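Biologist: I am new to this structure and would like to go through it with you. Could you show it to me?

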Amino acid sequence: MPRIYANGLDIHYERTGEGPRLLFISGTGGDLRVRPNMLDGPFAKTFDLVAYDQRGLGQSGKPDKPYSMADYADDAAGLMDALGWDDALVVGVSFGGMVAQNLVVRHPSRVRRLVLACTSAGGLGGASYPFHNIDHLKGEARARHLLPINDIRLDEAWAKAHPERYAEAIAQASHDPFAGEPGREMGARRQIEARAGHDVWSALPAVRVPVMIAAGRFDGIAPPQSQLNLALALRGSVLRFFEGGHMFMLQDRSSVPAMIAFLLDGADSAST
């Protein structure tokens, strides 16, 4: 089991593929034991791909103390240090996109090109859905609440018209094969608390690396206006909307190839 000690934390990571260096930063609750995941997809066929469990999650360390977005950014930079990577291409999805923004703000020389998927800047740029307000919802209740927010097309009328698909979606969203593990609930809560404080809006205009903003047209977690705001703050960025909600990378098969094409524009400067 590959582990690295970085930024005062044991970080579980996995590495696969060959090509330009790519750091993938996952979203809320990300756990590399849940398969298939990005390690099984097109990124791994094109890049020297590293993905990792963030602090408080999966098989990485779960210190029981407040986490900050700066901690998450410094974890990513520390992991790169331990791998011997001076810089890399970076993809950040949802919460991972928030971490990636903090990474490029705090450690600008480490990011060659950046894809921000279904995320937000926070502050005056607009925040993603406030998960800290629904911490009391668990299991099926949480899944039922979030489904029509994850994809605004999946409303009550859709659920009534497609009862079997609705039941399957709820069962999948509410299943946690690792529930009850020591520190799991605490670590997840600490991540949500840190997420609530995410705000890099005022720092984004200083970012100079090429950025692609990728989003789902029907995303209620990171709504379209937040994506437009990101594009305004990140000068010269590319904004692409895809057919889907918060999970558009699974719903629109053109999305990941578009991200790969954008990243490969900078492949020569991020090669091993």
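This is a predicted model: local features need pLDDT of at least 70, side-chain atom pairs count only at pLDDT 80 or more; totals for chains, interfaces and linings use all residues.

Biologist: Let us begin with the charged side chains. How many salt bridges does the count come to?

Modeller: The count comes to 22 salt bridges. In general, side chains of opposite charge can pair when their charged atoms come close.

Biologist: Which residue forms a salt bridge with Asp31?

Modeller: Arg184 does, and the closest N and O atoms of the two are 3.2 Å apart. The pair links distant parts of the chain: Asp31 lies in the loop between β3 (21-25) and α1 (42-46), while Arg184 belongs to helix α7 (residues 184-196), 153 residues apart.

Biologist: And are Asp31 and Arg184 buried or exposed?

Modeller: Both Asp31 and Arg184 are buried. They also take part in a network of salt bridges that links Asp31, Arg33, Asp176, Glu181 and Arg184.

Biologist: What about Asp74, which side chain does it meet in a salt bridge?

Modeller: Asp74 meets Arg106, with 2.9 Å from N to O. Here too distant parts of the chain are linked, as Asp74 sits in helix α2 (residues 69-83) and Arg106 in helix α3 (residues 95-106), 32 residues apart.

Biologist: Why does Asp74 count as buried?

Modeller: Asp74 counts as buried because its relative accessibility is 18%, and buried means under 20%. Arg106 has a relative accessible area of 44%, so this residue is partly exposed.

Biologist: Next, which residue forms a salt bridge with Asp151?

Modeller: That is Arg153, and the closest N and O atoms are 2.7 Å apart. Asp151 counts as buried at 3% relative accessibility, whereas Arg153, at 37%, counts as partly exposed.

Biologist: Leaving aside neighbours within four places in sequence, which residues is Ile152 in contact with?

Modeller: With those neighbours left aside, Ile152 is in contact with Phe218 and Gly220. As for Leu79, 73 residues apart from Ile152 along the chain, the C-alpha atoms of the two are separated by 36 Å.

Biologist: A change of topic: where is the place of Arg21?

Modeller: Arg21 has its place in strand β3. With 11% relative accessibility, Arg21 counts as buried. Its side chain makes a polar contact of 2.6 Å with the side chain of Asp87.

Biologist: Now for strand β7. How many of its residues are buried?

Modeller: Six of the six residues in β7 (residues 211-216) are buried, so the strand is mostly covered. In a regular strand the side chains alternate between the two faces of the sheet. In β7 both faces are covered, with Val211, Ile213 and Ala215 buried on one side and Met212, Ala214 and Gly216 buried on the other.

Biologist: In which sense do β6 and β7 pair?

Modeller: Strand β6 (residues 111-117) and β7 pair in the parallel sense over four bridges. Ala117 stands opposite Ala214 in β7.

Biologist: And over how many bridges do β7 and β8 pair?

Modeller: β7 and strand β8 (residues 238-242) pair over five bridges, in the parallel sense. Gly216 has Phe242 in β8 as its bridge partner. From β7 the chain crosses through helix α8 (residues 224-233) to β8, and this β-α-β crossover is right-handed.

Conventions: Residues are numbered from 1 along each chain as its sequence is written. Side-chain values use heavy atoms; hydrogens and water are left out. A salt bridge is a side-chain nitrogen of Lys or Arg within 4 Å of a carboxyl oxygen of Asp or Glu. Helices (H or I, at least four residues) and strands (E, at least two) are DSSP runs, numbered from the N terminus. Buried means under 20% relative accessible area, exposed over 50%, partly exposed in between (1.4 Å probe, protein chains only). A polar contact is a pair of N or O atoms within 3.5 Å; within protein, one must be able to donate a hydrogen and the other to accept it, and residues adjacent in sequence count only if both atoms are side-chain atoms. Contact means heavy atoms within 4.5 Å. Two strands pair if DSSP finds at least two bridges between them. A crossover is right-handed if, with the strands pointing away from the viewer, the path from the first strand over the helix to the second runs clockwise.
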